[in-house]
Amino acid sequence: MILIGERINGMFKDIGKAVREHDPKPLQEWAVKQKEGGAHYLDVNTGPNSEDQTVDLPWMVKTVMEVSDLPLAIDTTDYDAMEAALIAYGKPGALINSIGCEQEKIDRVFPMAAKYQADVVCLCISKSGIPKSAEERVALAMEFVANAEVYGLQPDNLFIDPIILPVNVAQEHAVEALETIRQIKLLSNPAPLTTIGLSNVSQKTPHRPLLNRTFAVMAMTAGLDSAILDANDDMMVDAIASARVILNKDIYCDSYAKVFRQR
Amino acid sequence: MATNMLKEKYSGKINTVTLGATKEQGGTRTSTVTVGGESTMPFLQFEGDMPLKPVVAMEIQDINPGWHPVLNQVYAEVMDCPVAWAKKCVEFGADMIYLKLAGAHPDNGDKSPEDCAKIVKDVLAAVGVPLIVVGCGEDEKDNAVLPVVAEAAAGENLLIGCAKQDNYKSVAAAAMVHKHKVLAASPLDINICKQLNILISELGLAADNVLIDPSTAALGYGIEYTYSILERGRLGALSGDKMLSQPVICQVGYEAWRAKEAVATEEDFPNWGNQADRAILWEAMTATGLLQGGAHVMVLRHPEAVRLVKKNAEELMVKAEI
């Protein structure tokens with residue numbers, strides 16, 4: 001299970017301020033802290049108040065790389081800023097986060113992924129919005145897989161996100177998202193990877209950590225490969241480590257939860 | 001239609017571990033042994049690296065163990081003298097000497113730690129290959145003996161053991177202080193094997209100072225349990241599990257020479273054929289089977305089994321054209 005640490009995001013006050021002032025400290029502290037928590041990737045996002053993402057995002061990438069060798073998930077829908085950030089990243093293995101299922105976005109981003117040897121988070125959203133049923137979501141996933149081949153990407157360069165909505169207002173979506181994950185794993189060989197913006201499931205509910213980790217375990221059972229989440233939520237990381245053991249993905253030992261964080 | 005070779009890609013690899021130290025490295029060995037480093041399943045060199053071939057350690061003991069007549073015959077002249085015995089094994093092609101300090105056992109002579117250390121020093125002086133030194137198996141005594149041995153042989157980069165789940169601190173600490181490697185033994189249980197490696201690393205001894213002894217079963221007596229544990233551990237290591245990435249030792253000689261099929265006479269079991277041939281093959285077959293599971297060091301007894309296993313390992317190391 002690949003954990004993408006969500007914390008270096010300008011939506012959080014401390015990071016937003018740091019991005020505006022180009023103050024490296026908060027970013028670097030969170031980079032170290034999230035790795036200690038168990039993160040395998042670090043998401044970087046300027047937040048909504050960046051005046052020029054093509055400047056701020058590459059700065060964020062370089063700032064985080066000074067203290068961390070974890071791969072980065074570069075989080076923006078401004079694809080010029082994305083390309084600038086990929087150039088700043090300067091090595092293979094970044095994660096482009098993200099694109100929706102629209103041909104012009106695919107045509108812009110997939111060649112970029114191939115050029116910079118990056119993987120791509122692909123959201124099961126079309127121009128007409130978020131589909132309700134698993135079938136419609138899987139149809140979008142198939143579009144991504146078919147396009148990957150056209151642009152010389154492998155299916156497992158894709159992290160397909162079925163999209164999860166808050167369970168208090170869109171309760172019927174969660175089970176469709178789980179079914180989508182199951183079916184995505186059958187689309188090709190090698191199968192695409194799956195990911196999810198985990199914290200969405202609990203937006204504006206009073207039970208966020210409990211809902212988040214319950215859904216994480218359910219989604220892993222359905223075949224989830226990765227999630228964007230709070231890597232410092234220890235109960236969450238413990239639940240994920242436990243699920244990996246129960247699914248026989250990691251070999252059990254008494255200290256399994258600790259070992260999972262060290263990987 | 002063109003055929004595409006299916007090649008698995010792994011993210012992890014087996015640790016590379018060197019045993020023994022030459023003069024330049026602070027020891028007195030004339031040769032060292034390096035094992036591990038694989039990034040693929042055993043011998044599948046078409047999809048990954050297998051840079052080093054498996055090696056053979058030959059077992060000797062500090063007191064005459066009174067082995068099976070077929071073995072006693074080979075070692076008759078030397079079994080009462082570990083120094084002469086070690087030299088003989090090197091002549092037979094041993095890459096390493098495995099010295100069991102059986103005479104330290106309270107029921108077996110109860111040698112003092114200092115006497116044990118002297119034997120180790122004598123063997124070190126007699127041969128140039130790296131040494132594996134294990135205690136008598138009685139925890140309390142081994143905890144007294146192994147630190148003294150470790151200190152006396154400081155600089156030689158021994159492999160000392162055995163560390164066990166309920167008794168690992170003393171030997172691991174001795175190895176850490178005097179810069180030796182530790183043999184971590186678990187009872188055919190991959191969960192305990194992994195946990196023991198974690199416990200040792202939590203003491204501060206880095207993971208690449210450890211070799212795994214998963215406990216070996218002989219052909220016909222549960223070898224498949226050992227084999228499947230080896231395979232599972234190897235797959236774990238290749239998928240990035242650092243606490244299963246240690247190279248593996250199999251104590252084949254001890255187990256194989258306990259099997260009824262190795263020791264029963266032809267007189268008693270005429271259908272089983274010549275006993276000496278059968279015993280040697282029992283040992284060699286156990287070892288070659290476990291080579292396929294990914295073992296790195298085979299601890300053997302009979303020189304003919306050593307020859308057969310080394311030949312097999314050499315042939316398996318030839319890179320196939322694929």
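Contact here means heavy atoms within 4.5 Å. By that criterion, the interface in this predicted model takes 9 residues from chain A and 14 residues from chain B.

The size of an interface is often given as the accessible area lost when the parts come together. For chain A and chain B, about 970 Å² is buried between them. Carbon and sulfur atoms account for 49% of that area.

Polar interactions across the interface were then examined. The rule finds 6 residue pairs in polar contact between chain A and chain B, both residues of a pair being at pLDDT 80 or more. It also finds 1 salt bridge across the interface. Lys258(A) forms a salt bridge with Glu202(B). The closest N and O atoms of Lys258(A) and Glu202(B) are 2.5 Å apart, inside the 4 Å cut-off for a salt bridge. On the side of chain A that touches chain B, 4 residues are nonpolar, 2 are polar and 3 are charged.

Each chain also carries a domain annotation from UniProt. In chain A, the unreviewed entry assigns "domain: Pterin-binding" to residues 1-248. This span of chain A is 48% helix and 15% strand. Its end C-alpha atoms lie 12 Å apart.

In chain B, the record, again an unreviewed entry, places "domain: CO dehydrogenase/acetyl-CoA synthase delta subunit TIM barrel" at residues 19-301. Helix makes up 39% of residues 19-301 of chain B, and strand 14%. The end C-alpha atoms of that span are 20 Å apart.

Terms used. Residues are numbered from 1 along each chain as its sequence is written. Chains are lettered from A and ligands numbered from 1 in the order in which they are written. This is a predicted model: local features need pLDDT of at least 70, side-chain atom pairs count only at pLDDT 80 or more; totals for chains, interfaces and linings use all residues. Side-chain values use heavy atoms; hydrogens and water are left out. UniProt positions are given in the numbering used here, feature names are shortened, and annotations may be inferred rather than shown by experiment. Helices (H or I, at least four residues) and strands (E, at least two) are DSSP runs, numbered from the N terminus. Buried area is the accessible area (1.4 Å probe) that two parts lose on being put together, summed over both. A salt bridge is a side-chain nitrogen of Lys or Arg within 4 Å of a carboxyl oxygen of Asp or Glu. A polar contact is a pair of N or O atoms within 3.5 Å; within protein, one must be able to donate a hydrogen and the other to accept it, and residues adjacent in sequence count only if both atoms are side-chain atoms. Ala, Val, Leu, Ile, Met, Phe, Trp, Tyr, Cys and Pro count as nonpolar, Asp, Glu, Lys and Arg as charged, and the others, Gly among them, as polar.
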